[in-house]
Amino acid sequence: MTQGARIRGAAFAICLAGTISASPLQAETVAPTDVNIVDMEAKTSLTGKPGDPVAGRETFANRKKGNCLACHVNADLGELLFHGEVGPELNGVADRWSTEELRAIVVDSKQVFGDHTIMPGFYTTSLGDRIAEKFTGKTILSAQEVEDVVAYLLTLKEN
């Protein structure tokens, strides 16, 4: 099965799961300051909607959005140049981390790994001291983009 077919199949399963588990109480977007990371997990969806792995792949690869390839090797995006080697390889990441753990890492990796990690928090307004004024108080990704990236990461399995 090709990676594209796996992503489409995973997208269907995630969308189906979202229609079963989403409730009206989950319909509002969680503000960056209200995300609760406990024991390396962000258990609650940020949007109450399932992530779209196809959109997540685009955000992951986008050098002006996620820019994940600047630090991570990802064989699924082998057609793109210049994969970084600063962060861990993401091939098979779905076999190593749960949905809740991946969400927490993408939201604010410093709450998961500590302040020493170079990975930025993509859905936090605590971006550090040396932030250009135009970015102060803003997140790198939207709540839905985080859910999309997590849905994409969940397609990256070893087999």
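Modeller: Let us start with the elements: helices and strands are DSSP runs, where a helix needs at least four residues and a strand at least two, and they are numbered from the N terminus. In this model, which is predicted, the chain has five helices and zero strands, and the order from the N terminus on is α-α-α-α-α.

Biologist: How many residues does the chain have, and what percentage of them count as buried?

Modeller: A residue is called buried when its relative accessible area is under 20%, and exposed when that area is over 50%. The chain has 159 residues, and 38% of them count as buried.

Biologist: Turning to the loops, is threonine 47 buried or exposed, and which side chain does its own side chain meet in a polar contact?

Modeller: Threonine 47 sits in the loop between helix H1 (3-21) and helix H2 (53-61), and it counts as buried because its relative accessibility is 4%, when the limit for that word is under 20%. Its side chain makes a polar contact of 3.2 Å with the side chain of glutamine 144.

Biologist: Where is threonine 139, and which residues does it touch beyond its neighbours in sequence?

Modeller: Threonine 139 belongs to the loop between H4 and H5, and with a relative accessibility of 27% it counts as partly exposed. If neighbours within four places in sequence are left aside, threonine 139 is in contact with Pro32, Phe122, Tyr123, Thr124 and Thr125. The side chain of threonine 139 also reaches the backbone oxygen of leucine 141 at 2.7 Å.

Biologist: What should I look for in the backbone angle phi?

Modeller: Most residues other than glycine have a negative phi. Methionine 40 has a positive value, near 65 degrees, and phenylalanine 82 likewise has a phi near 65 degrees. Methionine 40 lies in the loop between H1 and H2 and is partly exposed, with a relative accessible area of 35%. Phenylalanine 82 lies in the loop between H2 and H3 and is exposed, because its relative accessible area is 69% and the word applies to values over 50%.

Biologist: Finally, what is the volume of the largest pocket, and which residues lie nearest its centre?

Modeller: The largest pocket has a volume of about 550 Å³. Its lining holds 30 residues, and those nearest the centre are His72, Leu90, Ile105, Met119 and Phe122. The lining residues divide into 21 nonpolar, five polar and four charged.

Biologist: Which helices supply at least two residues of that lining, and which of them gives the most?

Modeller: Helix H3 (93-96), helix H4 (99-113) and helix H5 (143-153) each supply at least two residues of the lining, and H4 gives the most, with four residues.

Terms used
Residues are numbered from 1 along each chain as its sequence is written. This is a predicted model: local features need pLDDT of at least 70, side-chain atom pairs count only at pLDDT 80 or more; totals for chains, interfaces and linings use all residues. Side-chain values use heavy atoms; hydrogens and water are left out. On a 1 Å grid over the protein atoms alone, a cavity is a set of points where a 1.4 Å probe fits but cannot get out, and a pocket is an open set with protein on both sides within 12 Å along at least five of seven lines; lining residues have an atom within 4 Å of a point. Grid points are joined across faces, edges and corners, and a volume is the space filled by probe spheres set on the points. Ala, Val, Leu, Ile, Met, Phe, Trp, Tyr, Cys and Pro count as nonpolar, Asp, Glu, Lys and Arg as charged, and the others, Gly among them, as polar. Buried means under 20% relative accessible area, exposed over 50%, partly exposed in between (1.4 Å probe, protein chains only). A polar contact is a pair of N or O atoms within 3.5 Å; within protein, one must be able to donate a hydrogen and the other to accept it, and residues adjacent in sequence count only if both atoms are side-chain atoms. Contact means heavy atoms within 4.5 Å.
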